[in-house]
Amino acid sequence: MSDKPRSVPRSFPLSLDALSGKPQRQGAAPTLAQSRIATPQTATQNKAQNAVRGSAPAYGAPNGITPSRAQAIANQRAQPAPAATARQNPLVSDAVRRAMVARIARQGVKDQLVLDAMQAVPRHLFVDEAFSSQAYIDASLPIGHQQTISQPYIVARMIEVMRNGGPLQRVLEIGTGCGYQATVLSRVAKEVFSIERIKPLHELAKANLRPLRVPNLRLQYGDGMLGLPQAAPFDGIILAAAGLEVPQALLEQLTIGGRLVAPVGDKLQRLQLITRAGKMEWTSETLEDCHFVPLCPGTI
């Protein structure tokens with residue numbers, strides 16, 4: 001295939017502090033919830049404001065402080081404390097993602113395009129807020145409905161194996177989950193299609209992706225074991241759930257020369273690389289141990 005890897009869209013990813021519900025920029029007006037939190041700073045502010053609003057007559061103020069001066073003091077004290085910047089979410093920093101990517105590289109992932117994609121996608125936006133402090137450790141995390149977001153290393157490793165150093169035109173992901181891996185895939189492939197069988201997770205992924213505005217990613221609610229024949233063939237297919245074998249329907253939706261990467265097994269699982277060598281011919285290679293949620297049929 002002669003197509004070159006696509007260029008990075010200028011609008012993605014957005015600056016993290018521009019996303020809804022994330023830490024505010026320094027100097028931004030505090031929210032109503034923040035203004036009601038009792039702190040030493042708010043106590044000082046209340047005292048200053050009460051001095052202005054109290055019983056002192058309009059033409060003067062206690063201790064020789066004029067009303068305009070008292071209001072100026074109150075306004076000055078009402079500004080956000082400088083220490084608030086230090087309390088902002090540290091995950092907004094690119095440094096935590098750089099550390100994650102450096103660790104993935106040490107674990108053996110060499111494909112720079114994949115590493116750059118891992119650096120670009122903010123993983124903490126795809127996990128529950130309760131787990132945000134663990135977003136960049138090398139571990140899978142729960143996303144509800146007995147499903148998980150895969151550990152960063154295995155995401156990078158599977159994409160590297162599927163890409164095999166060449167351009168990816170059209171890729172299919174089975175098991176969207178929260179949308180993280182699909183977003184990473186969108187950085188290395190021209191078109192990405194992702195199927196999720198659990199309706200609430202499909203909706204969660206859509207909500208997570210909406211502010212990121214990823215133009216080349218399409219989410220589908222359906223049975224992943226059937227693939228997506230209306231969009232086939234694919235030169236890459238990746239499974240985020242483990243079956244005892246890879247469904248034949250998925251194998252038949254590969255292009256000739258296309259590569260599928262999937263965890264296979266029950267309690268003992270291993271990554272398997274399957275390459276389509278001909279119309280009715282596939283080769284298989286077993287890679288490393290892994291652990292995924294089960295691959296199930298149907299939709300719920």
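This is a predicted model: local features need pLDDT of at least 70, side-chain atom pairs count only at pLDDT 80 or more; totals for chains, interfaces and linings use all residues.

Residues are numbered from 1 along each chain as its sequence is written, and side-chain values use heavy atoms, with hydrogens and water left out.

Q: Why is the contact of Glu-288 with Arg-157 called a salt bridge?
A: A salt bridge requires a side-chain nitrogen of Lys or Arg within 4 Å of a carboxyl oxygen of Asp or Glu. The closest N and O atoms of Glu-288 and Arg-157 are 2.6 Å apart, so the pair meets the definition.

Q: What makes this pair a link between parts that are 131 residues apart in sequence?
A: Glu-288 lies in strand β9 (residues 281-290), whereas Arg-157 belongs to helix α6 (residues 152-163). Helices (H or I, at least four residues) and strands (E, at least two) are DSSP runs, numbered from the N terminus.

Q: Why does Arg-157 count as partly exposed?
A: Buried means under 20% relative accessible area and exposed over 50%, with partly exposed in between (1.4 Å probe, protein chains only). Arg-157 has 21% relative accessibility and therefore counts as partly exposed.

Q: How do you know that Arg-270 and Asp-289 meet in a salt bridge?
A: Their N to O distance is 2.9 Å, which is within the 4 Å limit and therefore qualifies. Arg-270 lies in strand β8 (residues 269-278) and Asp-289 in strand β9, so the pair ties together parts 19 residues apart in sequence.
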